[in-house]
Amino acid sequence: MDKLEMQDYGTTREEIERTLRYALDIVSDGIWDWNIRTNHVKRSPGWYSMLGYPPDSLPEDVDTWKSVIHPGDYERVMRNFQAYLDGDSLIYAEDYRCRSRDGNYLWVSDHGRFVEFDETGQPTRMIGAHRNIHQRKMASLELQRKNEELLALNRTLEDLVAARTEALRQANEALAQQVEAATRLSETDPLTQLSNRRHFERNLHGEWQRFQRHGHATALLMFDLDHFKRINDNHGHPVGDRALAAVARSLRAALREEDCFARWGGEEFIVLLPDTDLAAAAHLAERLRLLVAGADAELPEALSASFSVAAMRAGEEIGPLLKRLDDGLYRAKQRRNCVESC
Ligand SMILES: Nc1nc2c(ncn2[C@@H]2O[C@H](COP(=O)(O)OP(=O)(O)OP(=O)(O)O)[C@@H](O)[C@H]2O)c(=O)[nH]1
């Protein structure tokens, strides 16, 4: 046995209690010892000095304790203390604020337990210890406050980011719409609302490349209104404009969605016909020729147009293809109001 184990802690009740107090003094800042039967409470000098009082300067009963508890903590402390007294809770341990002599409140940690019982098992004595946890508690409350501040800031930031994201989405959407409108405008002939020449040429190039790869029959159809100068001269330019728009409207309705119908220039139009061979293109041209005559152009005389159709040929570049088509139109113009296949 070493020296420590051989230490004599005393055997009488007083000696044991003295040893207990020493131990409690070491691990706590103040001790209370409550005789439940007499309601007498003995408090250690440490307990008094913790709250700034001279030793034994306050009444030695439970009311002294109750009178120093912060009103905001009082109800909780009493409820839990009573639960321990009633046997509903196995421990009594509470953190709360105690009023010091200078009027300031001090955070303490209070633990207590029954240490003696009568012959019926009723507790007759309870001992407890207070620990001054003020600094730790204040630091933790400050931390909690900072955390809440950060959380609130975070939420504000999240709201801000969400609002900005939504504003950005709306701006992007508006921009996309503007781009779409601008693109449509840049591809459209303003008088007839058909594709313009630039848009047509881009489509023609795409279809021509497709033809090179797959060899699907693809045709072109071109027409020019006959004696249009006479229309302008007889009825005025605005009437001529309306007639051009009416022809465009009427023929557009007769074409498929995938046919690119464009104003090639002046009173000359062109149609790109995917998946269409020469015979089908000529047949369509005949139909369109009749539609030109029936277009609601608000003119006393009927309109007519001369047509040329050509199918793409393997190995033929776009330039020669258009030249062939143009030559066909020239030939058609010799007779007018007819269809020339080439
Ligand atoms: N109103 C109007 N007329 C246009 C427009 N573009 C071209 N024209 C007219 O179309 C007429 C074309 O005349 P020409 O090239 O001599 O041909 P044409 O009178 O149709 O005779 P043919 O083609 O030989 O049958 C000109 O008078 C142009 O001013 C337009 O946007 N609006």
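1. Of the 17 residues around the ligand, those that come nearest are D226, F228, K229, G240 and G266. Three elements, β6 (218-225), α7 (228-235) and α8 (237-252), each contribute at least two residues to the shell around the ligand. Sorted by class, this shell holds eight charged, five polar and four nonpolar residues.

2. The model is predicted. Its scores are ipTM 0.97 and pTM 0.62. For the protein, the mean pLDDT is 94, and 97% of the residues reach 70 or more. Residues 1-6 are a stretch where pLDDT stays under 50, and the model gives them one contact beyond four places in sequence.

3. The largest nonpolar core comprises 43 residues, and the members with the most contacts inside it are L220, L221, V247, A281, A285, F307 and V309. At least two residues of this core come from each of α6 (197-214), β6, α8, β7 (260-265), β8 (268-274), α9 (278-294), β9 (305-311) and α10 (318-335). In soluble globular proteins, nonpolar side chains tend to be buried together.

4. V309 deserves a separate entry. Leaving out residues up to four places away in sequence, V309 touches A219, L220, L221, L278, A281, A282, A285, V339 and S341.

5. Strands β3 (residues 92-99) and β4 (residues 105-117) pair in the antiparallel sense, over eight bridges. Within this pairing, Y96 of β3 stands opposite V108 in β4. Five residues lie between the strands of this hairpin, in which G103 takes a positive phi near 90°.

6. Most residues other than glycine have a negative phi. N39, although not a glycine, has a positive phi of about 65°. N39 lies in the loop between β1 (30-35) and β2 (40-43). N39 counts as exposed because it has 11 C-beta neighbours inside 10 Å, the limit for this class being 12 or fewer.

7. The other residue is R336, also not a glycine, with a positive phi of about 65°. Its place is the loop between α10 and β10 (339-341). R336 has 13 C-beta neighbours inside 10 Å and therefore counts as partly exposed.

How values were computed: Residues are numbered from 1 along each chain as its sequence is written. This is a predicted model: local features need pLDDT of at least 70, side-chain atom pairs count only at pLDDT 80 or more; totals for chains, interfaces and linings use all residues. Two strands pair if DSSP finds at least two bridges between them. Helices (H or I, at least four residues) and strands (E, at least two) are DSSP runs, numbered from the N terminus. A residue is near a molecule or strand if its C-beta atom, placed from the backbone, lies within 6 Å of it. Ala, Val, Leu, Ile, Met, Phe, Trp, Tyr, Cys and Pro count as nonpolar, Asp, Glu, Lys and Arg as charged, and the others, Gly among them, as polar. pLDDT is the predictor's confidence in each residue, from 0 to 100. Two residues are in contact if their C-beta atoms, placed from the backbone, lie within 7 Å. A nonpolar core is a set of buried Ala, Val, Leu, Ile, Met, Phe, Trp, Tyr and Cys residues joined through C-beta atoms within 7 Å. A residue is buried if 20 or more other C-beta atoms lie within 10 Å of its own, exposed if 12 or fewer, and partly exposed in between; C-beta atoms are placed from the backbone.
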